[in-house]
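The tour moves from one selection to the next.

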Amino acid sequence: MKITIIGTGYVGLVTGACLAVRGHQVTCIDKKRDIVEKINNMQAPIYEPGLEKILKEVVASGRLAAGNDLKNSVLASEVSIITVGTPFGDGVIDLSSIENSAREIGEALREKHDFHIVCVKSTVVPTTTDTLVKNILRAASGKEPGEFGLAMNPEFLREGKAVEDFMYPDRIVIGADDERSFAGMRKVYDGFLDVPIIQVNIRTAEMIKYVANALLASLISFSNEAASICEATGGVDIKEVLAAVTLDKRFNPRIGNKLADPEMNQYLQAGCGFGGSCFPKDVKALISFSMEKGYLPRIMASTLTVNQEQPLRLVGRLEKKLGTFENKKIAVLGLAFKPGTDDIRESPSITIITKLLEKKAQVFGVDPVATRNMESVIPQAFPNVLYTTDYKIALQNADAVILATSWPDFIKIAPEEYLQLMKYPLVVDGRRVLDKKSLEKAGCIYLGVGLV
Ligand code: NAD
């Protein structure tokens, strides 16, 4: 099939590249010239494991090209998939990029005689596609639904594992209100074998995405709330508590003699909170949408409150330990919101670094791939805040280190290295991934979420 992707960020580029791998002819449209140039030069504009490799293949074979001529790409393709950003701003979801894309596609459809499906893949609050997008398409194209197809196909990929998640999804959700649109979208996913395809109406598809993200976010905040109760109790380690809780076969079924160890249990772990481009904004958007409809969601509101407090609680505990942050050098291991990505949107490290700077600490942030992105949010300013990819530079003479992102290389740092490099070997485990016993045995001081 010939497919146009509109918005070539994390979701758009992965979608485009993976659909091209599956044999489709894809044009990725983005309004940013540098993104278009990089893609056509076979370079991934974002860091995502495995992406550049498949990008090279599909661009070289001619199955994927990038550009900014939306109109001609729509005219030449059968399906347009909208993957532009839907940030949260001013108390509601910002749908302006969706509106602009729908308008531009609609204007192109005015000149098109063949049937064309417009599919929203961006995360949008329920009713966006079958009201706002539909109405814009109608007005801009002068056509009625039926003359063009309309679908909603939420995306569930995780950054850091995006290519794998897209190529081997758990389910494909297709929302549509007519058989022709369902059929067209099933054709898009023809090459995806043994994957359940869930066909629902458009607003159910939109809701599935939000409920999925709100559930996962609430598991994290639930674990963090339990961690705070453990801290208040003293002598109880949340890690031991949750490890035992999740051995329940309803969380962790046995397959033969082995535990299934589902990935969902990774959301039942304490840490310094969730971030990223999805959980925070999606939970906020669902709350605001729901309130507009007359229902106040309380669990979801608390999920956000707990999450906002979580990194600050950690900084507060560290401050108590150190007495003051003034003239103290603090290393922050990890800037990305999770390992495997350079995405720092809503990363807990932003909250941690901002608070440390406010308290007059000197901060050294470390990340293998996200330093440049962090610099656009909190610029480097000598000597107050500096970034490096080398943890050894950051640990040198530090008064404390906070592990904020569980990059494998940070987990592997030997206890002796902390001892040799740091002025005061105080290790704050913001992800509960370090070995407390071996750190303490080596002479480090350990402080972890959910343990006092
Ligand atoms: P992003 O910000 O990385 O990318 C969006 C891209 O769209 C940008 O490159 C921007 O230049 C481009 N764009 C905006 N308006 C445009 C227009 N009118 N024409 C052409 N290009 C335009 O966003 P993202 O992280 O890929 O997220 C996209 C959507 O997918 C969001 O709704 C998000 O919630 C959802 N989503 C994201 C993830 C994720 O992990 N990032 C996962 C699932 C769903």
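Begin with α9 and α11, whose crossing is left-handed, a crossing being called left-handed if the near helix is turned anticlockwise from the far one by less than a right angle, and right-handed if clockwise. This is a predicted model, in which local features need pLDDT of at least 70 and side-chain atom pairs count only at pLDDT 80 or more, while totals for chains, interfaces and linings use all residues. Residues are numbered from 1 along each chain as its sequence is written, and side-chain values use heavy atoms, with hydrogens and water left out.

Select residues 202–233 for α9 and 279–292 for α11: their axes come within 9 Å and cross at roughly 115 degrees. Such axes are lines fitted to C-alpha atoms, for helices over the stretch in contact, with angles running from 0 to 180 degrees between N-to-C directions; helices (H or I, at least four residues) and strands (E, at least two) are DSSP runs, numbered from the N terminus. Now show the side chains of the contact (heavy atoms within 4.5 Å), which include Tyr 210, Leu 216 and Ile 220 of α9 and Phe 279, Val 283 and Leu 286 of α11. The residues of this contact divide into 10 nonpolar, 1 polar and 2 charged, where Ala, Val, Leu, Ile, Met, Phe, Trp, Tyr, Cys and Pro count as nonpolar, Asp, Glu, Lys and Arg as charged, and the others, Gly among them, as polar.

Next select α5 and α6 (residues 128–141), which pack at an angle of about 35 degrees with their axes 7 Å apart, in a crossing that is right-handed. Their contact involves, among others, Ile 98, Ala 102 and Ile 105 of α5 and Leu 132, Ile 136 and Ala 140 of α6.

Show the polar contacts, meaning pairs of N or O atoms within 3.5 Å: a ligand oxygen lies 2.5 Å from a side-chain N or O atom of Thr 86, and another distance to display is the 2.8 Å between a ligand oxygen and a backbone N or O atom of Val 11.

Finish in two loops. Between α14 (371–377) and β15 (385–388) lies Pro 383, and the peptide bond from Phe 382 to Pro 383 is cis, with omega near 0 degrees. Between α2 (33–40) and α3 (51–60) you will find Met 42, which has a positive phi of about 65 degrees although it is not a glycine.

How values were computed
Polar contact = N/O pair within 3.5 Å; in protein donor to acceptor, adjacent residues only side chain to side chain.
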